[in-house]
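I opened my notebook on a structure that was new to me. Here is what I looked up, in the order I got to it.

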Amino acid sequence: MSEQHNVTRTKTSTRTAREPTGGNGSSATLTLALPRGRILDEALPLFKRAGLDLGAAEKARAGRRLIIPIEELGLRVLIVRDTDVPAYVEHGAADLGIAGRDVLEEQDRDLYEPLDLGIGRCRMVVAEPAGRPVDESAQVHLRYATKFPEITRRHLQARGTVAEIIKLYGSIEIAPLVGLADRIVDLVSSGETLRQHHLREVETIFPVSARLCVGRVAAKLRGDRIDDLIARLRRVI
Ligand code: PRP
C-alpha cells in the first residue's frame with residue numbers, strides 16, 4: 001500500500017482488525033512502536049522538535065528496557081525490530097509505529113501511512129557485477145538474491161522478467177561474487193558496500209524513507225490523538 005492516508009479517512013478492506021484483548025494500556029495512552037537503529041536515532045530529534053521529548057525512551061533503551069511508559073506525554077514506546085513494527089501495528093498491539101518504506105512495501109499489510117517522516121533515507125536498487133553485466137536479451141535463467149523477495153517479485157513482474165528469487169537475510173552483496181546470483185535487489189545508502197564489491201547500480205526501484213504507520217482500530221478509537229501527533233510532526237519535517 002503505497003498511497004498515503006489521513007487516518008480519519010476510510011479505507012476499503014476485506015481484512016478485519018481486532019481491538020487487542022490486553023496489554024495496550026488505557027485508551028488514553030498511545031502506544032508507539034519504534035524500530036531500533038538508525039531510524040530511531042533520527043526519529044528522536046524529530047519528535048523532540050515536535051514537542052514530544054522521547055528522551056526517556058533513549059535512556060531506557062540504554063538500560064535494555066523495551067517497553068517505556070512516558071506518562072507526561074500519554075505515550076508508551078515499544079522498542080522492536082524494524083521488520084516487526086508493521087505486525088505490532090496491524091494487530092493493534094501498538095497504535096502506530098515508524099517503519100521504512102522497504103519494510104512496509106515488502107510486507108504490504110493493512111495499515112494507514114499518513115506521513116512520510118523523511119528520515120532513514122536510502123534507495124531500493126537492482127545491482128550487478130560491474131565486470132559481468134546481465135544480457136537481458138539472452139534467454140538465460142537469471143537469479144536475483146535479496147532480503148526483499150516480494151518487492152523483487154513485483155518489480156520483475158512489472159518488467160515482464162522471469163527470474164528465480166533467492167531470499168537471503170544479509171550480506172546480499174556477496175551473492176553475485178560467489179556464483180549464488182546474477183543480480184541483487186538491496187538497499188543502498190552511501191553506495192560504499194556496492195563499491196567495495198565492484199557492483200554497479202542497474203536501476204532504482206524506489207526511494208526509501210521512514211513513514212508513520214497507523215493501525216485501523218487505533219485510527220478509529222484514537223484518531224483525534226493520532227491526528228494531533230501527525231499535525232505536530234508535519235510542522236517539523
Ligand atoms: C544495508 C544494505 C546494504 C548496506 C548499504 O545492509 O543491505 O548492504 O546497508 O549501505 P551503504 O550503501 O551505505 O554501503 P546492513 O548494514 O543492514 O547489513 P545486512 O546487509 O547484513 O543486512
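Predicted model: local features only at pLDDT ≥ 70, side-chain atom pairs only at ≥ 80, totals over all residues.

I looked up the largest pocket and found a volume of about 650 Å³. Its lining has 24 residues, and the closest to the centre are Asp82, Asp102, Val103, Phe148 and Leu187. Which element gives the most to the lining? I found that helix 4 does, with four residues. Helix 1 (38–49) and strand 9 (183–188) each supply at least two residues as well. I sorted the lining by type and got ten nonpolar, five polar and nine charged residues.

**Entry on salt bridges within a helix.** My search of the whole structure gave 16 salt bridges. In helix 1, Arg38 and Glu42 sit four residues apart, about one turn of the helix. Their side chains meet in a salt bridge at 2.9 Å, N to O. In helix 5, Arg153 and Glu150 are three residues apart, again about one turn, and their closest N and O atoms are 2.7 Å apart. I noted that Arg153 is partly exposed, at 36% relative accessible area.

**Entry on a bridge between elements.** Next I looked at Glu136 and Arg159, whose side chains meet in a salt bridge at 3.3 Å, N to O. Glu136 lies in the loop between strand 6 (122–129) and strand 7 (142–146) and Arg159 in helix 5, so this pair ties together parts 23 residues apart in sequence.

Methods. Residues numbered from 1 in each chain as written. Heavy atoms only, no water. 1 Å grid on protein atoms, 1.4 Å probe; cavity = no way out; pocket = protein on both sides within 12 Å on 5 of 7 lines; lining within 4 Å. Points joined across faces, edges and corners; volume = space filled by probe spheres on them. Nonpolar A, V, L, I, M, F, W, Y, C, P; charged D, E, K, R; others polar. Salt bridge = Lys/Arg side-chain N within 4 Å of Asp/Glu carboxyl O. Buried < 20%, exposed > 50% of the residue type's maximum accessible area, 1.4 Å probe, protein only.
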